[in-house]
Amino acid sequence: MSKVVIDALVERFKDPVKGDGVTGAFQGPGGDDVAFVERDRLLEVCQFLRDDPGMQFNMAPYITAVDYLGQEPRFEVVYNLLSTTRNWRVRLRVKVPEQDAVMPSVCAIWRGANWFERYCFDMYGITFTGHPDHRRLYMYDEFEGHPLRKDYPLRGRQPLVTELEVPEEQFRGPGPARRSE
Amino acid sequence: MSTEVKEALKPVAPRSSELDAPLKSKRMLVNLGPSHPATHGTARAVVELEGENIASCKLDIGFLHRGFEKSCENVTWTQCFPYTDRLNYVSSIMNNVGFALAVEKLCKLEVPERAQYLRTITSEIHRICDHLTLVAALGLELGAMTVFLYAVEGRDLLWDRLTELCGARLTSNYARIGGVSRDAPDGWAEKTTATLDRVVSLRDEIDGLLTRNRIFVDRVRGVGTVSRADALDLGFTGPCLRASGEPYDVRKAAPYLVYDRLDFDIPVGSNGDTLDRYLMRIEEMKQSDRIIRQCFRDMAPGELVVRDFRYVLPPKPEVYGTIEGVMAHFKLIMEGIQVPAGEVYGYTEAANGELGFYLVSDGSGRPYKLGLRAPGWPMLAALPIILKGALLSDLIPVFDSINMIGGEVEQ
Amino acid sequence: MSTELDAIPGIIPTRRDDAMGALEKMVSKGLGWARKYSLFQYPFVTACCGMEYMTLAAARYDLDRFGAALPRFSPRQADLLMVVGTVNCKQAPVLRRVWESIAEPKWVVAFGVCASSGGFYDNYATVQGIDRIIPVDVYVPGCPPRPEQVLDGIIMLQAKIQGQHHQLTQGKPLPVLGQAPRPR
């Protein structure tokens, strides 16, 4: 569908000295076009995609992160971009290591990215430099940890109000059967 | 009285500079929510007021965060459907269908035609329900209780039809990976057409009550205007984007299900204010009605699910009669559907905008990651920007018209 | 009064005590009748059950028939707290505060299975039933419950209110806000 975008990106950000900015482009199932982008070239790539008259990616509908526990680099931030004028979609994936989980913020390019980046910070612990309002989105400030990381337990509740505890509770919902598991 | 006292008591005209000087005032912090009178889920808005004008508005959300993504990572692919129901709970079949389409994109499954038609019909019925709910809430909060009663009656009638089809009024859990869960009972198409006629008459009454009503129009025209460029930059999709003038609709841009065979229009607004967003909903209800009637005309009897035991439960006679049926049934229930490893972003046009599911599968029976792109999210995030400088009483119509549904925005 | 005398065993009730007891019973029944048929609800609406709540308040499944029509959006003016939908850990202090603000006598209806027991959201974010935070009178399960179920719950609550002991004056100091809930 928008293979021309991926090819143009790979071509433009080819750099034999510093390393290619855009690598590993492929077509996913259903015609999705995906490319991996180096973290330090991300802002350039996004600026090019939005401003270049041949591209015109004027909206970033969805930005999220994935935790690939066990792989190095551990996290991956995924940018789904849309051009309404040309009806093209493209997906950029940026790998983020666990020790240095810092990303540049694209809020200056698309204002709609604001809350998506706050979500990634709240749920995965990835910080974004240059974000205008860097704080948690869903969880309260007293919450410790980042819930959607794979090593955070499903039932790791941190109640704000003292609750009546039921001892030896057997869980009937999804996840491990006993609290101790 | 002595002359000095008389002099002192004579009224003194104020100096003109005193009359023209602005009143010294302090900004007031007003807290709206999280326990809201308006039934929109819960959101807390801390509004800083300069007199009656909103100087700034900070949103605090997370009061309905129910851990949708983490719950889905711990259940099988089919068990995710009830969780997706409760995302946008006013149009839950659209969530089901969106998720099923995303998984089928990853599995490369071809859904049979009758299932596609049924999915389209139920999606459009729920789109009408969603728009009726918005109009009901908008009317109720601006004081038009009659509109609320009429719209809820229309919604109830449609829910009765859906109960006959799916078993539940609200959270229907209708779609399955590979098709739909059950067939329409006999005579359902005729009954639904009669219900749609009644809903059309209710909708016309609501239209007559609100659209040219001086009080309503004065409160919503010019309020919460979003320009076309701003709407794109902020990530709006759906009726709110089209109200600002950008004619982007996923059903036309990247058709799914049977939308490429159907004849319908996409209404586009011009001003991007709350009146336009309200009018979009009324017009879209008319288009959904058109779509459903065409589907009833074109739908033919046929299969409901893909006949592939790797993804769909085999029929009961085979489960009880053959070894392969038993084994397939067991594996699908205990381990879940073995979706091939990979990632996909499946997007559909829900009632509120683009509903996207970003799926990452590691080849097992449970999702590795199930990311949700909620249609109401960008509109809610943009609320502080839209409301800058507006009056406090403009907050309610704007908040209503962007149709923030707590379940999807807070997952 | 006769209540203090009841605590001492072996006291023979006099005819004056009988008369006082009958009067108290009549007052209790009268007050119970008045309170059950004029419930002012505080709809603490959070999630999907809110849609069924809207239907309940509308024309078809009319809640007004049972006297419980008028929602009061200030806890000071309400006596029935209907917790409609999921309450999560961030919302829990808010719920607790709203409950504490409602003046006695007050009743709580857990509308929906998320309010009754957490529903199927058994994870890091959800309170597993509001009875871990506040005392509940009637649980209406369902996801979401049909409006007829909720009306059944309201009728059950009305029967419960009728059976409770109502007095014109308590005759003892009022509870201080913030203390642990009294067991019902």
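**A chat about a predicted model**

Trainee: Which element is Asp197(B) found in?
Mentor: Asp197(B) sits in helix H8 of chain B, which covers residues 188-210, and please keep in mind throughout our chat that this is a predicted model.

Trainee: Is Asp197(B) buried or exposed, and why?
Mentor: Asp197(B) counts as exposed because it has 11 C-beta neighbours inside 10 Å, and a residue with 12 or fewer is put in that class.

Trainee: And how far is Asp197(B) from Cys57(B)?
Mentor: From C-alpha to C-alpha, Asp197(B) and Cys57(B) are 43 Å apart in space, while 140 residues separate them in sequence.

Trainee: Switching to the inside, which residues touch the most other members of the largest nonpolar core?
Mentor: They are Val77(A), Ile126(A), Val83(C) and Phe111(C), in a core of 219 residues. The largest share of this core, 14 residues, is supplied by helix H6 of chain B, residues 113-141.

Trainee: What does Ile126(A) touch, leaving out residues up to four places away in sequence?
Mentor: On that basis, Ile126(A) touches Ala65(A), Phe75(A), Val77(A), Val96(A), Ala101(A), Met103(A), Cys120(A) and Phe121(A).

Trainee: New topic: how many residues do chain C and chain B put into their contact?
Mentor: Chain C brings 29 residues and chain B brings 27. On the chain C side, the elements giving two or more residues are strand S1 (41-45), helix H3 (49-57) and helix H4 (92-101), and H3(C) gives the most, with six residues.

Trainee: What is that side of chain C like by class?
Mentor: The side of chain C that touches chain B has 18 nonpolar, eight polar and three charged residues.

How values were computed
Residues numbered from 1 in each chain as written. Chains lettered and ligands numbered in written order. Predicted model: local features only at pLDDT ≥ 70, side-chain atom pairs only at ≥ 80, totals over all residues. Core = buried A, V, L, I, M, F, W, Y, C linked by C-beta atoms within 7 Å. Buried ≥ 20, exposed ≤ 12 C-beta atoms within 10 Å, placed from the backbone. Helix = DSSP H or I, 4+ residues; strand = E, 2+ residues; numbered from the N terminus. Contact = placed C-beta atoms within 7 Å. Nonpolar A, V, L, I, M, F, W, Y, C, P; charged D, E, K, R; others polar.
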